[in-house]
Amino acid sequence: MKRLLLLALVALVLAPGTWLKTRPSEPDLRNLLQVELLDVARKEAGALAIKGVWHLHSGNAHFGGYSGLLALPGDALLAVSDRGRILRFPMPGHSGPVEFGVLGGIVQTDKRLVDAEAMTNDPVTGRIWIAYEGANAVGRLTAGLVKEKRARPPAMRAWPGNRGPEAMARLADGRFIVIGEGSPDWFGSDYPAVLFDGDPVEGAEGVPFRFAGPEGYRAVDMAQIPDGRVLLLLRRVVPGLPPGFAVRLAI
C-alpha cells in the first residue's frame, strides 16, 4: 500500500497537466497589418538611393517567416512563407486590401509540400511560380493563386532536401533561373543553379551551373530588371549573440 501511495504521489507531481488543463485560445485570423516607416540615417547604398525602410507588424496567426516577395499589378505585394502561408498587401504608401491565407487554400502538415522559398511571375498572364525547398520542386499557380501544376525537375533532384532552391526568376524571354543554397560541402562557397530554356513545370531542359557569391554570400532572391540583367539579393550569416545577417545586392 505504501508503494502504491508513493507511485501515486510521484505521478501527481510529475504530471500536473493530467489534472490541470487550459483551453487554447482561438487563433487570430483578422486581416490586420501595421506598416511602420522607420527613420534611418543612411539614405544611400552604393549607387542606390534608399527610398524607405518599413517594419511590418501583425497579430495574425499566419504572419511571419516570409521568404519570397513578389510585386503584383495594382501596387500590391505578395509574400509567401516557408509554412505555406501567404500575405497580400498594398505597397507602402498605397492603399488597398490586406489578405492573409494559406497557399492553395489547404493547410498541409508535411512541410516539404509547402516550404516555399522563392516566387516569380509572368506579368502578361499573371501566372505565378513557386520554388519549394524541401521537395526541390517548382509549382505553378494561376493569377488567382489556384494550383495548376507541380514538378521536380531532374536537374534539381539531387540538391540537398533542406538546402534546395532559394532564389528564382522568370526572364522576359520565358527562360527560368533557379539557384539553390546547398553547397557540395558545408564550407563551400559555390551553390548549385540551373538555367531552364522554358517552364520547368512543363519539363523544360536545364543547363546546370554554379553560383559563387562574394565572401560567402548566398542568393536568397532575384528579379530581372528592365535592361535584361538580373538583380540578386545576397545574404550572409554574421556570427554573434544573437546571430545576424549581412545583405548585399548584386547584378
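1. Starting with a loop: glutamate 215 sits between strand 16 (206-212) and strand 17 (218-224). This is a predicted model, so treat what follows as computed from it. The backbone at glutamate 215 has a positive phi of about 55 degrees, although the residue is not a glycine. Its relative accessible area is 58%, which is why glutamate 215 goes down as exposed, the cut-off being over 50%.

2. Aspartate 75 is another non-glycine residue with a positive phi, also given as about 55 degrees. You'll find aspartate 75 in the loop between strand 5 and strand 6 (76-81). Aspartate 75 has 37% relative accessibility, so it counts as partly exposed.

3. One more backbone detail to check by eye: the peptide bond leading from leucine 241 into proline 242 is cis, with omega near -5 degrees. Proline 242 belongs to the loop that joins strand 18 and strand 19.

4. Now the pockets. The largest pocket comes out at a volume of about 1900 Å³. Its lining runs to 50 residues, and those nearest the centre are Gly68, Leu69, Leu70, Asp221 and Leu233. Strand 5 (residues 66-72) provides the largest share of that lining, with six residues. Sorted by class, the lining has 32 nonpolar residues, along with nine polar and nine charged ones.

5. The second largest pocket has a volume of about 270 Å³. Strand 18 (230-238) and strand 19 (244-250) each put at least two residues into its lining, and strand 19 gives the most, with four. Among the lining residues are Arg42, Leu48, Leu231, Val247, Arg248 and Ile251. By class, this lining splits into nine nonpolar, one polar and two charged residues. If you're colouring by pocket, note that Leu233 is listed for the second largest pocket and is also one of the residues nearest the centre of the largest pocket.

6. Last, a glutamate worth a look: is glutamate 117 buried or exposed? Glutamate 117 counts as buried because its relative accessibility is 7%, against a cut-off of under 20%. This residue is part of strand 9 (residues 116-121). Leaving out residues up to four places away in sequence, glutamate 117 touches Ser67, Gly68, Asp82, Ala131, Glu133, Pro165, Glu166 and Val220. Of these contacts, Gly68 turns up again among the residues nearest the centre of the largest pocket.

Technical notes:
Residues numbered from 1 in each chain as written. Predicted model: local features only at pLDDT ≥ 70, side-chain atom pairs only at ≥ 80, totals over all residues. Heavy atoms only, no water. 1 Å grid on protein atoms, 1.4 Å probe; cavity = no way out; pocket = protein on both sides within 12 Å on 5 of 7 lines; lining within 4 Å. Points joined across faces, edges and corners; volume = space filled by probe spheres on them. Nonpolar A, V, L, I, M, F, W, Y, C, P; charged D, E, K, R; others polar. Buried < 20%, exposed > 50% of the residue type's maximum accessible area, 1.4 Å probe, protein only. Contact = heavy atoms within 4.5 Å.
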